[in-house]
Amino acid sequence: IYQVVADSVFVAYMRRMMQREVAPSLTVPQGVDLRAYQDALVQRFRNPALPHRTQQIAMDGSQKLPQRLLGTVRDRIAAGASFRHLALAIAGWIRYASGTDERGRPIAVSDPLAPTFAQIVLNAGNDPARIASGFLDLASVFGDLATHTAFRSAVTGNVVALFREGV
């Protein structure tokens, strides 16, 4: 993770997502400085002594996504607010869970639904839009968001771009 956070473009994206989409959906305890907390997170992620691997963060994503990102997406939708940064994060997870990296090399996807993901990719014939659709149809992960048109469109557009253009 510290290597990813060395990329200023990624840090800018992460900060925008935290500030524009996550923070507005939080109930902040009195005396908590969200900006200072966000700065502390970035510094923690930059620390090479904490050797978190991206694989560790991505593993079991079908279990983590609903509680870590999708609740915030629902809050943003209810507020009529943007969730575009969150949609990109979700698309990034779908790209990872599709089982190949940008060079076509296999990724050992660590998730209880990994066989289902592999079947989705196979059924989609490696078409990025169909892959996105297959993942978004997973009610156990996306629940009511599976039928939300703007959500599906935002995530699908990002999945297609990640497959075609890379990160």
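Leaving aside neighbours within four places in sequence, Thr72 is in contact with Glu21, Val22, Ser25 and Leu86; contact means heavy atoms within 4.5 Å. Thr72 has its place in helix α4. Helices are DSSP runs of H or I, at least four residues, numbered from the N terminus. At 13% relative accessibility, Thr72 counts as buried. Buried means under 20% relative accessible area, exposed over 50%, and partly exposed in between, with a 1.4 Å probe and protein chains only.

The model is predicted: local features need pLDDT of at least 70, side-chain atom pairs count only at pLDDT 80 or more, and totals for chains, interfaces and linings use all residues. Residues are numbered from 1 along each chain as its sequence is written, and side-chain values use heavy atoms, with hydrogens and water left out.

The largest nonpolar core has 35 residues. A nonpolar core is a set of buried Ala, Val, Leu, Ile, Met, Phe, Trp, Tyr and Cys residues joined through side-chain atoms within 4.5 Å. The residues with the most contacts inside this core are Ile90, Trp93, Ile94, Phe135, Phe142, Phe151 and Val155. Two or more residues each come from α1, α4, α5, α6 (114–123), α7, α8 and α9. Helix α5 gives the largest share, eight residues. Apart from this core lies another, of six residues, among them Val11, Met14, Leu41 and Val42. In soluble globular proteins, nonpolar side chains tend to be buried together.

Trp93 touches Ala58, Gly61, Ser62, Leu65, Asp111, Phe117, Phe135 and Phe142, not counting residues up to four places away in sequence. Phe83, Trp93, Phe117, Phe135, Phe142 and Phe151 form one aromatic cluster.

The structure holds seven aromatic pairs. Rings of Phe, Tyr and Trp (its six-membered ring) pair if their centres lie within 6.5 Å; planes under 30 degrees apart count as stacked, over 60 as edge-to-face and the rest as tilted. The rings of Phe10 and Tyr13 have centres 6.1 Å apart and planes at 50°, so this pair is tilted. Both residues lie in helix α1 (residues 8–22), three residues apart, about one turn of the helix. Phe10 is partly exposed, with a relative accessible area of 31%. Tyr13 is buried, at 13%. For Trp93 and Phe135, the ring centres are 5.8 Å apart and the planes stand at 85°, so the pair is edge-to-face. This pair links distant parts of the chain: Trp93 is in helix α5 and Phe135 in helix α7, 42 residues apart. Both Trp93 and Phe135 are buried.

Helix α9 covers residues 149–165. At 1.5 Å a residue, its 17 residues should span 24 Å, and the end C-alpha atoms are 24 Å apart, which agrees. The expected span is 1.5 Å times one less than the number of residues. In α9, Phe151, Arg152, Val155, Thr156, Val159, Val160 and Leu162 are buried. They cover an arc of only 160° around the axis, which puts them on the same side of α9; the arc is that of the directions from the helix axis to the C-beta atoms. The cover over these buried residues includes α4 (61–78), α5 (84–97), α7 (128–136) and α8 (139–142). The face turned away from the buried side carries the exposed residues Thr149, Arg164 and Glu165. Just after α9, Gly166 takes a positive phi of about 80°.
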